[in-house]
Amino acid sequence: DGLTRETLQTSPGQSANINGMTELSFGAKMHVLDGVTEAGVPGMAVLLHVDTPTGSEAFRNPGYRPSIRVVAEWDLSPHYTAGVMAGVRHDNSDVFGRYNAGIVGVVVGRSFTDRFRTFAEFAAPQLAAGRDGGNIMTYNLGAAYLLSERLQLDSAINIGANENTPDYASTIGLSFKL
């Protein structure tokens, strides 16, 4: 996620900000199926990720945390896409210990050029029992720009959708294709 700022309610009318870098995540995407627009068949992929204990102290969790996700994306028109993602993560926390959590996302994208696109998304990167930190859900707006065929720069603003989620976060990402 990159540089993040959290605003915490410390008492009625009082708040504190926490700024820092989130952890580095490494992943691989495996193409499973080409989409067929005319038939309503989505393109599909499987994503394998691992989050690493590398972020600022306030945003770092202990140990490595793997996840697997399945993504489906439909081309709605030459400029619009819609996608869904579902998965599971094996997490670790100083407070909650080891636990499993669900992952869900729904996104709509708009391409303006072959290199520039934007998106609006509802994401639930953690669907877990209250004893494991509860659900974390966000509304996200962002953009991505292809610097080259294999290099992408992206950014997003995330707004917390419940009391378990930071109020606001911003992200900057750099992705490359092997």
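User: Leaving aside its neighbours within four places in sequence, which residues is Ser155 in contact with?

Analyst: This is a predicted model, so local features need pLDDT of at least 70 and side-chain atom pairs count only at pLDDT 80 or more, while totals for chains, interfaces and linings use all residues. Residues are numbered from 1 along each chain as its sequence is written, and side-chain values use heavy atoms, with hydrogens and water left out. Contact means heavy atoms within 4.5 Å. With neighbours within four places in sequence set aside, Ser155 touches Phe119, Leu141, Gly142, Ala143, Thr171 and Ile172.

User: Is Ser155 buried, partly exposed or exposed?

Analyst: Ser155 sits in strand β10 (residues 151–160). Strands are DSSP runs of E, at least two residues, numbered from the N terminus. Buried means under 20% relative accessible area, exposed over 50%, and partly exposed in between (1.4 Å probe, protein chains only). The relative accessibility of Ser155 is 35%, so Ser155 is partly exposed.

User: How many salt bridges are there?

Analyst: Side chains of opposite charge can pair when their charged atoms come close. The rule asks for a side-chain nitrogen of Lys or Arg within 4 Å of a carboxyl oxygen of Asp or Glu. By this rule the count is four.

User: Which residues are linked in a network of salt bridges?

Analyst: Asp51 and Arg65 form a salt bridge at 4.0 Å, N to O. Arg89 bridges to Asp91, with the closest N and O atoms 2.6 Å apart. The network links Glu23, Asp51, Arg65, Arg89 and Asp91.

User: How far apart in sequence are the parts tied together by Arg65 and Asp91?

Analyst: Arg65 and Asp91 form a salt bridge, their closest N and O atoms being 2.9 Å apart. Arg65 lies in strand β5 and Asp91 in strand β6 (residues 80–93), so the parts tied together are apart in sequence by 26 residues.

User: What is the relative accessible area of Asp91?

Analyst: Arg65 and Asp91 are both buried. Arg89 is buried too, at 9% relative accessibility. Asp91 counts as buried because its relative accessible area is 4%.

User: The backbone oxygen of which residue lies 3.1 Å from a polar atom of the Asn92 side chain?

Analyst: Asn92 is in strand β6. Asn92 is buried, with a relative accessible area of 13%. Its contacts, leaving aside neighbours within four places in sequence, include Asn61, Gly63 and Arg98. The backbone oxygen at 3.1 Å belongs to Pro62.

User: What is the angle between the planes of Phe122 and Tyr139?

Analyst: A pair of aromatic rings is described by the distance of the centres and the angle of the planes. Rings of Phe, Tyr and Trp (its six-membered ring) pair if their centres lie within 6.5 Å; planes under 30 degrees apart are stacked, over 60 edge-to-face, and the rest tilted. Two aromatic pairs are found; Phe112 and Phe116 form a tilted one, 5.8 Å centre to centre, with 40 degrees between the planes. Phe122 and Tyr139 have ring centres 5.7 Å apart and form a tilted pair, because their planes are at 50 degrees.

User: Which residue lies over the face of Phe112?

Analyst: Phe112 is partly exposed, with a relative accessible area of 45%. A charge sits over a ring if NZ of Lys or CZ of Arg is within 6 Å of the ring centre and within 35 degrees of the ring normal. At 4.4 Å from the ring centre, the residue over the face is Arg110.

Key
Helices (H or I, at least four residues) and strands (E, at least two) are DSSP runs, numbered from the N terminus. A polar contact is a pair of N or O atoms within 3.5 Å; within protein, one must be able to donate a hydrogen and the other to accept it, and residues adjacent in sequence count only if both atoms are side-chain atoms.
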